Amino acid sequence: MASKLKIKVNGLVHSVTASLDTPLLYVLHNELHLHGPRFGCGLAQCGACSVLLDGKEIRSCVTPVAAVSGKAITTLEGLPALWAKERGTTASAPALHPLQQAWIEQQVPQCGYCQNGMMIQAADLLSTTRNPSKLQIKQALNGHLCRCGTYTAIIEAIQQAARTMAKGV
Amino acid sequence: MSALEETVDVFGATLTRSRFVKGAGAMVVGLSFVGTGAGAKAATGSEIPLLPGTAHSPNVGLSDAWFTIHADNTITMRTGIAEMGQGSASTAFAQIAADELNVPYSAITEYVMGDTDRTPGGGIAAGFMFLGAPNIRKVAAYIYQALLGMASTQLGVPVASLTVKDGVVSGGGKSVTYGQLVGGKALNLSIPVSGDPTSFLGLTVLGNPPTKPMSQYQVVGRSIPMRTIPTIVSGQATFVGDVRLPGMLHARVVHPPALGAKLVSVGQLDKKEFPNAQVVTKGNLVAVLDPSEYAAIQAASILAGKTKWTSWSGLPGSGNLFTAMRSFDYASAPVLTGVNKGNAEAAFASAATRLSATYEYPVEKHAPIGPTCAVGDVRPDGTIYVHMHGQNPSMLRREIATMMNTAVDNVVVRWYDGSGHYGRSNGGNTGAEEEAVILSSIVGKPVRVQWMRADDMQWSTVGPPELSDVVAGLDSNGKIVAFRVNHYSTAGQDDRPVGALLAGLPTMPAPAISPPPGSFSGISHGISDPWMYDQVPNALQKGFGTWNMGQGTPKTDPGYEQNIGLRGHSMRTPGQRQQNFAHESMMSELAAAAKVDPIQFRIDHTSAKRLVAVLNAVKEKSGWETRPSPSPKAATTGEKAVIGQGCSAMLRSNTYWACAVKVSVVPKTGKVQVLNLVTAVDPGTVVNPRQLKRMVEGGAVMGVSEALREQLVFNRSGIVSRDWVTFPILRIMDVPDIETVIIENPSVGDIGGAGEGPNGFVPAAIANAIFDATGKQPRRLPFTPKYVRTLLNG
């Protein structure tokens, strides 16, 4: 049975209509038209659907929409504003989060399908570990699958983003 | 003055211009100067049926279908060949086009790919450098020559006296831009083409317009960023899964529980629980449609439990695969031969040492991260729109037309970003497209079919298995005197769409002994791993092919054409992947028998300088210990990890590759870890070094994954692997340190392919390193802990 719900996504509160058990991913895609998170497995096995829930990475494909009410969801599209908030700037959000910028500069994506989850998980990691080692990056991202094999580039991009973020620019 | 339409030959292309009479003479003089030669002659045989240039089909014989030069000197580029992700084809193609057109890369501001109603040529998103790039080079070269002629007329300067830089033609103290020459109008340059855009390889541009020597390329060779990345990282890219049309219904298909099962009865849904759900069946195609995506998912899950099917068990089962492969019929299809030099059979008699081994390559899976998705939209006027992501939109167009019994021109395929397919969709469909069209035609609304993870694992095509029997002999000096291999495999290119098969609708023919012309669906098994060791006096490669597993044969089964079976399909580095594992494993086994370092052993058996160079490059970069295998420290027991080194090499699409890996093996657990992986690649001309590096790294990861993790599990009824637990792939934790050495070799005068390769030769290198570490040669992929324990205990 469909219910009316309010969810907070990328800083804005949205009213949506969905049954309470609807996985968040379908609400984000079909109600809010946010395409950063993607359907990969529906089983929380691959990470293509990841979003941040109060700053921690979750799998939106298995998270019921009812479970996120009252909490703050950040999708790939919301990373630039999140970065602006973390820096405490009041200026308008930058075009890209340092991770997204590093992803471009390191030329990470190939097909790109999984990269949302990689960047979301990396944002979670860098929020607690400012200067992660290669091993820490691997441990943090081990639950995310990439079939194109971009893992080497991902590690390099996260290290670059960490350096940028340490400078606070 | 009066208007005159005149046509001028441009190296076999035809420029049609409306002009005023005054000055026309100069025009003709200018262009006839360039319009002679072999190109013009070659083009005259091109009386081929062109698509008419209707609303749904561009006129592929006009250069305007490929490139539009705008008045502001920017350029729109279009190709039917679409992006497939592993490196950006649009970036590489635009680099090549910019060089041939003599414009800066930044001038190509727009690139349209894949859409069949607004891009030309069709063709597969694979082999980009040797299948796609030649067309682009030629069209750009024709346009360049036409522009030179037009500039000559306008400036009153002979073509030979013109100079061109960045899209500006200068001569006689004056200059004119391309934009000014074309004036924002159609160029009206007819180019000679042949072939059918909806065929597997698409259209071929004919003739030989003067192209730039690759040594003069300036945009090619630069690490230009991929055009596709900024929208992907910001979440702004439109992937096919994002397509939403007004009135669209979400569908989930209830696929049968067995590959050959037939529908007995369809279950019913509780109307109170699913008030808007609609169950649709056509033959054995069963689906639930609902305006709500999640309702469709839930309803399909319930319906699956209530729907009854006949039982079917026509597969051997993956546990029994290689035994079963010995009993297949390889005698019906012609045997294909690769290298055939000297007399291997006779030479074995003189060999001092003779080795024989069988190598086993399991059934593989392309396994894209995104399960297939498509939107079908059958309009009341009969026009069929298909929104899809795949490697051959134009061929899909023909498949849809065949299935729906309509003209190709009534089908429009729109292409979007999507998950990489690694070869799976190079024959058009990915699985969801036909289902979406069938369902849309029944309900009269746009229908979005999104396969779930299990659908994608169990109902898409598979990489066929391979069984390779190798016999080789060494002389008393440790040199190979004879090498003979027999490769056995099942059908390798079955593009029949599963939706059409389930629904009982027309498809292209099933894999056959004699497939239709232009089709790659023959069941004969070709040699895909060319022999590189020309110093071996006697060598013979044979390929033996047969039908799909579980499909029956046309000899025994009247329903053969519509039977589904385990549909084999090309997968990244197809055929060569399987065969190189056997060839390059045996090369190292022979080196060990000869007590020679395996890199040196390869060098000793070839005169190919490019091969020697890549082998030496990995030797240098990898910290290679020059010595025979196995390692003096090799062990088959113990809890302590033993370290081994291994190498392999490959020649593919005029690109030479070599690889060196270092692995650790824990004998007690059987766990193999790849520590370091160095690849050297010589593709001749390098289009984009950084993209090449990233592509090689990714291919290498796929190779490690195939070597250590991947094998499709199936029982007698169908595929059992259904997710990432039952079909594991490599995770980031297990990724080795990867180093890539790029050897630019412009003297080759060619751009070799490099999107494929590493996943082909990496498994043999890892196998050889396991031998080095343990003294035992693994000959069956994947090298799981269980398999390695068995190997070491044996």
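The model is predicted.

Strand E24 of chain B spans residues 480–489. Nine of its ten residues are buried, so E24(B) is largely enclosed by the rest of the structure. In this context a residue counts as buried if 20 or more other C-beta atoms lie within 10 Å of its own.

E24(B) pairs with strand E23 and with strand E25 of chain B, as the table sets out.

| Partner of E24(B) | Residues | Sense | Bridges |
|---|---|---|---|
| E23(B) | 466–474 | antiparallel | nine |
| E25(B) | 538–545 | parallel | eight |

E23(B) and E24(B) form a hairpin with five residues between the strands. In this hairpin, B:Gly478 adopts a positive phi near 80°.

**Contact between chains B and A**

In the contact between the two chains, 46 residues of chain B meet 45 residues of chain A. On the chain B side, the elements that give two or more residues are helix H6 (229–234), helix H7 (293–306) and helix H17 (689–708). Of these, H17(B) supplies the largest share of that side, with nine residues. Sorted by class, the side of chain B that touches chain A comprises 23 nonpolar, 14 polar and nine charged residues.

Methods: Residues are numbered from 1 along each chain as its sequence is written. Chains are lettered from A and ligands numbered from 1 in the order in which they are written. This is a predicted model: local features need pLDDT of at least 70, side-chain atom pairs count only at pLDDT 80 or more; totals for chains, interfaces and linings use all residues. A residue is buried if 20 or more other C-beta atoms lie within 10 Å of its own, exposed if 12 or fewer, and partly exposed in between; C-beta atoms are placed from the backbone. Helices (H or I, at least four residues) and strands (E, at least two) are DSSP runs, numbered from the N terminus. Two strands pair if DSSP finds at least two bridges between them. Two residues are in contact if their C-beta atoms, placed from the backbone, lie within 7 Å. Ala, Val, Leu, Ile, Met, Phe, Trp, Tyr, Cys and Pro count as nonpolar, Asp, Glu, Lys and Arg as charged, and the others, Gly among them, as polar.
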